[in-house]
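Please look over the model below before reading my comments. They are meant for someone new to reading structures.

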Amino acid sequence: MANLDHRNLLSKEHFVDGGYLSVALKQQVAHEHGVGLVGPIRARSTRQSRKGTVFHREAFTINWDAKEVTCPQANVSRRRSTPPSLAPYLNVEFSPDDCRQCPVKAACTRTDARKVTFLPRELYDIQSESRTEQQTQEWLSRYSLRAAIESTISEFVNGHGMRQCRYRSEEKAHVQYVLTAIAVNLERVGVHLPPAPARQPRNPTALQGFLDWQHIPRPRSWRVVTHPAG
């Protein structure tokens, strides 16, 4: 992204694969370069999100000003921290006394106290808005452009072996990339060209006409050697 900015080639939006996108990266690129990264934000993959009878993260109410989280049973979190291993996620923990006596504990946690992790407020808002937007048909139609990008990458890798360089030095490698791109463009242009007209057969010579009139078979090509050498 910095190289594109240095060359003044940045666009307003960049369509990226979900494996290269995160909420923190989306915020960083927007703040530093003013570019919107368009791609799917990964869905929840916790135990609570996979089971419909279990309270997932969105079932908890976050009070950003008071720095508290309230569970579905109106219990308020007791501790809040940011472990280095989870950064930038925030970790809140409820009291074991509240969780042990909770009538819906089986639908919430398997430990003595429920822990909830979530992003800071700005990143949390970006995550929520992105997950809601990517479910709309408008977003899906725009992101369908990514399919053409993936097919181009697949064509270069599988059709032209672009994972390996045939030359040494950066300058020669660049020449390979340019020549391969020219070849791919020529192939694509050829698909849209009108088909070549069928070749008309050449009028038979007088000798060929005489042989056909006499029903004398003749070889397909007059260059066929009829006498062995020597």
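1. Basis of the note. This is a predicted model, in which local features need pLDDT of at least 70 and side-chain atom pairs count only at pLDDT 80 or more, while totals for chains, interfaces and linings use all residues. Residues are numbered from 1 along each chain as its sequence is written, and side-chain values use heavy atoms, with hydrogens and water left out.

2. Aromatic pairs. A pair of aromatic rings is described by the distance of the centres and the angle of the planes. Rings of Phe, Tyr and Trp (its six-membered ring) pair if their centres lie within 6.5 Å; planes under 30 degrees apart are called stacked, over 60 edge-to-face, and the rest tilted. Searching the whole structure gives five such pairs. One of them joins Phe-60 and Phe-94, which are tilted, with 5.6 Å from centre to centre and 45° between the planes. This pair links distant parts of the chain, 34 residues apart: Phe-60 is in the loop between α3 (47-50) and β3 (61-63), and Phe-94 is in the loop between β6 (90-93) and α4 (96-100). Helices (H or I, at least four residues) and strands (E, at least two) are DSSP runs, numbered from the N terminus. Both Phe-60 and Phe-94 are buried; the term means under 20% relative accessible area, with exposed meaning over 50% and partly exposed in between (1.4 Å probe, protein chains only).

3. A second pair. Trp-64 and Phe-118 form an edge-to-face pair, 5.7 Å centre to centre with 80° between the planes. Here too the pair links distant parts of the chain: Trp-64 is in the loop between β3 and β4 (68-70), Phe-118 is in strand β7 (residues 115-118), and they are 54 residues apart. Trp-64 counts as buried because its relative accessibility is 18%. Phe-118 has 1% relative accessibility, so Phe-118 counts as buried. Together with Tyr-124, Trp-64 and Phe-118 form one aromatic cluster.

4. The nonpolar core. In soluble globular proteins, nonpolar side chains tend to be buried together. A nonpolar core is a set of buried Ala, Val, Leu, Ile, Met, Phe, Trp, Tyr and Cys residues joined through side-chain atoms within 4.5 Å. The largest one here has 23 residues, of which Val-23, Phe-60, Val-69, Phe-94, Val-116 and Phe-118 touch the most other members. At least two residues of this core come from each of α2 (23-33), β6, β7 and α5 (121-133). The most, three residues, are given by α5. Contact means heavy atoms within 4.5 Å. Leaving aside neighbours within four places in sequence, Val-116 is in contact with residues including Phe-60 and Phe-94.

5. Packing of α2 and α5. Two packed helices are described by the angle between their axes and the distance between the axes. Axes are lines fitted to C-alpha atoms, for helices over the stretch in contact, with angles from 0 to 180 degrees between N-to-C directions. The axes of α2 and α5 come within 9 Å and cross at roughly 105°. On the α2 side the contact includes Val-23 and His-31, and on the α5 side Leu-123 and Ile-126. The contact residues divide into four nonpolar, four polar and two charged. Ala, Val, Leu, Ile, Met, Phe, Trp, Tyr, Cys and Pro count as nonpolar, Asp, Glu, Lys and Arg as charged, and the others, Gly among them, as polar.

6. Packing of α7 and α8. Which residues make this contact? Helices α7 and α8 (residues 170-192) pack at an angle of about 110°, with their axes 12 Å apart. The contact is made by Thr-152, Glu-155, Phe-156 and His-160 of α7 and Thr-180, Ala-181, Val-184, Glu-187 and Arg-188 of α8. His-160 lies in α7 (residues 145-160) and is buried, with a relative accessible area of 17%.

7. An exposed residue. Arg-78 is found in the loop between β4 and β5 (79-81). Its relative accessible area is 57%, so Arg-78 is exposed. Arg-78 is in contact with Glu-93, Phe-94, Ser-95 and Asp-98, leaving aside neighbours within four places in sequence.
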